[in-house]
Amino acid sequence: MGKVLSANLGYPRIGEKREWKKALEQFWAGKITKETFLETVKTLRLSYLKKQKELGLDLIPVGDFSLYDHVLDTAVLFGLIPDRFRTDEKEVSLETYFSIARGSKNAEASEMTKWFNTNYHYIVPEISNDTKPYLTSNRLVELFNEAKEAFGIVAKPVIVGPITVLKLAKGYDQDHFRTLLDALIPLYVQVLSELQAAGAEWVQIDEPILVKEQTEEDLALFQDTYKAIKNGVPSLNILLQTYFEAVDDYEKVVQLPVDGIGLDFVYGKEANLAAIKAFGFPKEKVLAAGVIDGRNIWKTDLSTVLHELKTLLTFTGGNDKLWVTPSSSLLHVPVTVSNETELDPVLLNALSFADEKLKEIVTLANGLNEGEAAIEAALQKNSADLQALQQSAHRNNKEVQKEISRLSDELPARPGSFKLRQQIQADTFKLPPLPTTTIGSFPQTKEVRQARRNWRKGEWSEEQYEQFIKDETAKWIQIQEDIGIDVLVHGEFERNDMVEYFGEKLAGFAFTRFGWVQSYGSRCVKPPLIFGDVSWKEAMTVKESAYAQSLTKSPVKGMLTGPVTIYNWSFVRDDISQADVFNQIALALKNEVRALEEADIRMIQVDEPALREGLPLKEEKKAGYLHDAVYSFRLATSFVNNDTQIHTHMCYSEFDEIIETIDALDTDVISIEAARSHGEIISAFEDFEYKKGIGLGVYDIHSPRIPSVDEMKSYAERALKVLDPKVVWINPDCGLKTRRPEETIPALKNMVEAAQEVRNEL
Ligand code: GLN
Ligand code: ZN
């Protein structure tokens with residue numbers, strides 16, 4: 001009885017060729033008027049709706065489109081805006097909206113942070129204890145009407161739920177949570193009633209917080225909240241949507257007083273599936289089954305998933321109680337593969353971006369409604385495409401696979417203990433106390449970027465470009481020597497991006513032309529694809545490092561990106577385990593570390609700025625991830641001689657959950673952020689009694705400001721109260737590629753002077 005429906009949870013905003021980004025940036029730069037801007041984004045928004053309609057989806061979202069961020073949209077909808085942006089107007093103007101996100105002349109922007117464990121960043125709602133939520137203007141009704149008028153679509157409006165919004169917000173005391181929630185509920189009811197009056201049949205309320213640990217009290221809050229909402233709009237259907245993991249308390253969540261529950265059967269597959277088998281599923285509710293990966297770019301194995309959906313059907317109250325959906329919004333994947341013309345067909349045919357995923361969803365729903373025979377051709381092509389990649393040489397590098405299978409369980413270890421290495425390295429390098437260094441990159445000026453473009457376009461020869469890089473390196477070696485920095489870097493002028501640079505030189509990687517995804521605001525990233533077995537082909541960094549070292553008597557650090565960061569900032573094959581991919585990358589990097597050591601580069605930094613962000617959402621999965629991360633890092637680095645110094649760098653300050661991991665990496669020196677967190681960070685290392693080298697990021701490179709000698713001194717002095725001066729280094733908190741030389745040089749001079757003055761006090 002009834003039909004299985006196909007539904008989308010959210011569509012990418014940025015456009016096939018980043019038209020959205022361009023419109024935003026033109027508007028911000030004052031190059032187009034507000035009217036033109038709003039017209040342009042409306043055209044885009046409508047084209048996305050039209051496309052989804054043409055693909056044959058039964059339920060199309062509205063409200064997923066945003067001019068910046070959907071969490072900001074929700075906060076603004078309910079008047080949850082920071083006091084410094086308040087005006088007398090009830091409505092929040094477009095200008096204010098963008099100011100909250102980006103800052104204005106008079107007021108600092110709101111913070112942004114990562115959306116769960118994705119690489120998307122949302123604007124953190126700022127609420128104070130006496131914030132009074134109110135409805136600004138119901139944009140969801142406008143968007144709903146727009147879809148209806150333009151295409152006759154009865155859309156499914158999407159909104160972030162009140163509990164997730166409040167839990168992600170900051171600035172209020174926990175004992176005000178209930179008051180704020182009680183104030184929000186009637187406003188949600190009002191929004192939903194207006195939607196219902198406009199003709200909406202279903203709304204999707206996203207409560208991804210439900211995949212995090214929930215206490216009894218939290219679940220009671222959910223019960224009360226949705227009971228109140230449902231009472232307010234009894235005849236509107238509510239889909240409570242979760243994603244990115246299995247729900248924490250399946251039994252309670254599926255009993256919440258709503259009409260449908262959306263579950264992630266990709267990232268939370270095992271646990272959600274086990275729960276449904278153990279506890280069943282309420283017959284009167286819709287199960288929105290997130291079976292298509294909303295965060296990765298591979299084709300779904302359709303026949304396997306069709307089989308899984310049939311299993312799920314046995315638990316629902318009928319066909320009309322099952323929806324086929326992506327596992328999350330498709331915001332996290334690029335728009336379409338149809339513009340990719342330069343990829344190896346065997347790879348191209350195995351890719352599925354947003355549009356192709358929606359096609360898969362429609363195909364699966366058809367398969368369930370009309371029988372497998374109706375989609376036979378699609379199933380066959382799908383399985384042939386996936387098999388072709390699986391059987392291709394890319395995924396069958398016997399040598400790599402043999403090496404991986406031979407890895408022992410034991411953690412790879414340096415020949416000598418840290419204590420021994422510390423002594424040997426002190427004798428080798430003879431550095432002063434509190435040695436100064438930088439994180440790797442120096443300013444990527446207009447000239448540097450222009451040179452790279454010239455070379456890429458073939459306007460410059462290989463030699464010409466190489467000479468340019470050499471000259472730039474030589475210039476900055478001289479600058480570093482003049483400033484008096486102790487450990488130098490070559491400057492990374494040859495690198496566009498710290499992952500792409502390596503991806504382009506290793507086997508197993510590919511790069512799309514238009515595979516962009518939104519990172520934050522108008523900023524998009526184009527992650528590399530790790531699609532095959534990864535292996536090292538030739539030295540990637542030796543030429544540049546060795547050249548820099550030839551120019552100076554001071555040690556020059558070699559610069560590599562670590563296996564975990566390369567993994568976390570790429571789209572990665574999902575046919576082998578995360579640990580296996582980490583280790584494949586690590587084995588490739590090991591060759592590079594060896595090549596550097598052989599070229600007499602005696603300090604080697606392996607950056608892992610993305611180590612922490614890969615932490616799984618579920619507590620019980622964290623230890624496994626961290627173990628695999630440590631293993632791969634050590635696989636790449638630990639075989640070096642005791643007198644080779646291994647550095648790493650992480651540009652953040654939250655180490656509480658990972659301090660043991662940091663220690664287990666067994667690096668000789670780690671450089672971290674300290675200035676932005678006002679030295680807070682040091683306490684984590686103090687509590688842990690961290691004994692190895694620590695480079696303090698006393699210079700916040702994220703601001704054009706030039707920090708004073710005294711300011712930087714104060715961080716160093718503070719650290720020396722708790723850390724052994726023998727282990728402390730002084731450095732900026734990240735690479736300097738985004739800074740201008742005019743900012744960089746004086747700031748580094750101050751930094752060296754600060755180190756000098758603190759040294760004199762020792
Ligand atoms: N070595 C890199 C650089 O200096 C590190 C960048 C990072 O941590 N994000 O640019
Ligand atoms: Zn950094």
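Author: Two strands pair if DSSP finds at least two bridges between them. This is a predicted model, in which local features need pLDDT of at least 70, side-chain atom pairs count only at pLDDT 80 or more, and totals for chains, interfaces and linings use all residues. Residues are numbered from 1 along each chain as its sequence is written, and chains are lettered from A and ligands numbered from 1 in the order in which they are written.

Reader: What makes strand β17 and strand β18 a pair?
Author: Three bridges join β17 (residues 603-607) to β18 (residues 645-649) in the parallel sense, and the definition asks for at least two. M603 stands opposite Q645 in β18. Strands here are DSSP runs of E with at least two residues, helices are runs of H or I with at least four, and both are numbered from the N terminus.

Reader: Which sheet has parallel pairing, and what makes a strand an edge strand there?
Author: The open sheet of six strands, in the order β15-β17-β18-β19-β20-β21, has parallel pairing. Its edge strands, β15 (557-561) and β21 (728-732), each pair on one side only. On average, neighbouring strands of this sheet are turned by 25° against each other, direction ignored.

Reader: Why is one side of β11 and of β16 left without a neighbour in the sheet?
Author: The open sheet in question has three strands in the order β11-β14-β16, with mixed pairing. β11 (507-510) and β16 (571-572) stand at its edges with a single partner strand each, so one side of each lacks a neighbour in the sheet. β11 and β14 (residues 529-535) run antiparallel and are joined by three bridges. A510 has L529 in β14 as its bridge partner. Helix α22 (residues 578-598) packs on the sheet, touching β14 and β16, and its direction makes about 55° with that of β14.

Reader: Why is α11 called oblique to α13?
Author: The axes of α11 (residues 302-313) and α13 (residues 354-370) come within 10 Å and cross at roughly 50°. Axes are lines fitted to C-alpha atoms, for helices over the stretch in contact, and angles run from 0 to 180 degrees between N-to-C directions. Under 35 degrees counts as roughly parallel, over 145 as roughly antiparallel, 65 to 115 as roughly perpendicular and the rest as oblique. α11 is therefore oblique to α13.

Reader: Which residues of α11 and α13 meet?
Author: L302, V305, L306 and L309 in α11 meet E360, T363, L364, G367 and L368 in α13; contact requires C-beta atoms, placed from the backbone, within 7 Å. By class, the contact has six nonpolar, two polar and one charged residues. Ala, Val, Leu, Ile, Met, Phe, Trp, Tyr, Cys and Pro count as nonpolar, Asp, Glu, Lys and Arg as charged, and the others, Gly among them, as polar.

Reader: What are α26 and α27 to each other, parallel or oblique?
Author: The axes of α26 (residues 709-722) and α27 (residues 741-761) come within 8 Å and cross at roughly 50°. The two helices are therefore oblique to each other. Their contact has seven nonpolar, one polar and four charged residues.

Methods. Contact = placed C-beta atoms within 7 Å.
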